[in-house]
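Could you walk me through this structure?

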Amino acid sequence: MNTLTQSDSLLDKMRAVQVHFLDNSGLWLMFAGLAVMFLPTLWGLVVVSGLWVDDEHSHGPIILSISLWLLWKRWREVPDLSSFKPAPALAWGCFMAAAILYIPGRALDIIYFETGAFIWALAGIVLMTGGTGLLNKLKFPLIFMLFMVPLPNTLVGPLSSVMKLAVSAVTVNILAWFDLPVARNGVVIYLGQYQLLVADACAGMRTLFMLEALGILYLNLVHYPSKLRNIVLPILIVPISFTANVVRVIVLSLITYYWGNAAGQGFLHGFAGMVLFLAGLLLMFGADSLLRLFSQKWKDRKLHAS
Amino acid sequence: MQAEMRFAVSQKPNIHHWLVVFFMAACFAFASWLTPHLTWFEHIGSPQFEEITPKQFGDWVEITEAAGSRIVDPEQQYAINNLYTQTVSRIYEQRASGRRIMLSLAYGDNQTFSKQLHRPEACYSSQGFKIENLYEDKIQAISRPIVVNRMKATIGSRLEYVTYWIRIGDGIISGPATALNIARLQMSLKGYITDGLLFRVSEVGDDEALSNALQDQFIDDFLLALTPAQQAMMVGLK
């Protein structure tokens, strides 16, 4: 059974789609409804408002793809749907919640309502098919989808300006340690003859988001039983992404200082973005290794004690 | 083994499944029916701000060369995002006193999620200005009260007093940041996709009371030079 469903040949994949989805007409009927409801939303996000193509929210489609892939993966692991009991009442509750978010969201253009409704609708379909048992199996991909909901500017704005100020302050302090001619006024960094502005994008709310999402995904995929790791790592990601942003601003400052403005704004600007992300990932895995070490030590000590 | 797989999942559509499809399609149809299709931009006569902004009015005249004056360009940073559909940046001089006022209009014909106006306090501070003393004030212009925001922006030794308002659809918004969205929703309920105008004047100077008085004078003179329809494009109908 396992070898068959997990096998990678194209034929097997198609057969899996057939067995798990196409043969289940009740299921794909509901998915057709879902498509009617949310394909226009997707169209809006990608084409009309272009929010998902935008720099600030471009993680949305990535999160959606990962979630759908995970959903499919977990769904295939379900051996027998007949062992689950559908829960229509709960499902209708979810559909109602989806409608309450979706209708004003779409009519009045409140995109986070509209996108959020998708998760409720999907949860409703899961409940209608396999009840709470199935929902329990699929809860991670559904919760993970929360990361794709674009956050309101009124929430992100103030957070990001606090981040910006802190990032510039820390950067200037570090550069001053190395005796560089540096000063700061708000979010403007003066370095030698150059004036650098720490912009919104540099504050890296998006990096924080992406790292947080990847961290949680990583924890879920490795399935490590340690509570310590599962709780502490997501919390650690906040300072980690802050540090990564400081690294990025420092790298950009130094590039500008030594190679001029053109270099700092050109190709190397994008390069610094990659550095930021890599720095974040490395720090995350580093923190995870440390946590693993700690929890191992902890276990050893417990064993010795008993 | 294959037989086992075939047995794995199978649910014939029942009444619930059909209801779900119907319900979802109904949600979409209802939302589409509620969605406004008229634009406030067209409702108020498709304003072209560059054209309707007079180059000369009252005792004011536009000057094109202004050494040492730097207008904080609200467009600069977000230009790529197409945040605004129109912007106007002018510097005017009062002939009697020689004092200069900077005028900046930023207009977006659709105030949806990603294309909302950015408030000057955010623009200024993201360009390195320090914002002090942001408060709401009420001025009289064209014999009607207008709620404005005032603030003091400093960068280095430069001091700038700023007065601005934001018009969303038919009126000027005041209060917290959420006011913009609430105004947008109200316009949607009236059946319009709303526009938004940021009207901002400022002076580089060091006396707050004097600067505010001059700005109020400028605003009054400016609005008086416009037709009623053009005034509505600037301050709304309310």
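Here is a short tour, from overall build to cores to confidence.

Keep in mind that this is a predicted model, with an ipTM of 0.77 and a pTM of 0.76. Let's begin with chain A, which has 12 helices and three strands. Its C-alpha trace spans about 70 × 65 × 35 Å along the principal axes. Of the 306 residues in chain A, 37% are buried. If you take the contacts in chain A with a separation of 6 or more, 69% of them are between residues 24 or more positions apart.

Now for the inside. Nonpolar side chains tend to be buried together in soluble globular proteins. In this model, the largest nonpolar core has 75 residues, and the ones with the most contacts inside it are Ala98(A), Tyr102(A), Ala121(A) and Cys27(B). Helix α6 of chain A, residues 111-144, supplies the largest share of this core, with 16 residues. Cys27(B) is worth a look: setting aside its neighbours within four places in sequence, it is in contact with Met37(A), Ala99(A), Tyr102(A) and Ile103(A). Apart from this core there is another one, of 44 residues, including Ile146(B), Met151(B), Met187(B) and Phe218(B).

Finally, how far can you trust chain B? Its mean pLDDT is 83, and 85% of its residues reach 70 or more. Residues 1-9 of chain B, though, stay under 50, and the model gives them 16 contacts beyond four places in sequence. Residues 77-81 of chain B are also below 50, with four contacts beyond near neighbours in sequence.

Conventions: Residues numbered from 1 in each chain as written. Chains lettered and ligands numbered in written order. Predicted model: local features only at pLDDT ≥ 70, side-chain atom pairs only at ≥ 80, totals over all residues. Helix = DSSP H or I, 4+ residues; strand = E, 2+ residues; numbered from the N terminus. Buried ≥ 20, exposed ≤ 12 C-beta atoms within 10 Å, placed from the backbone. Contact = placed C-beta atoms within 7 Å. pLDDT = per-residue confidence, 0-100. Core = buried A, V, L, I, M, F, W, Y, C linked by C-beta atoms within 7 Å.
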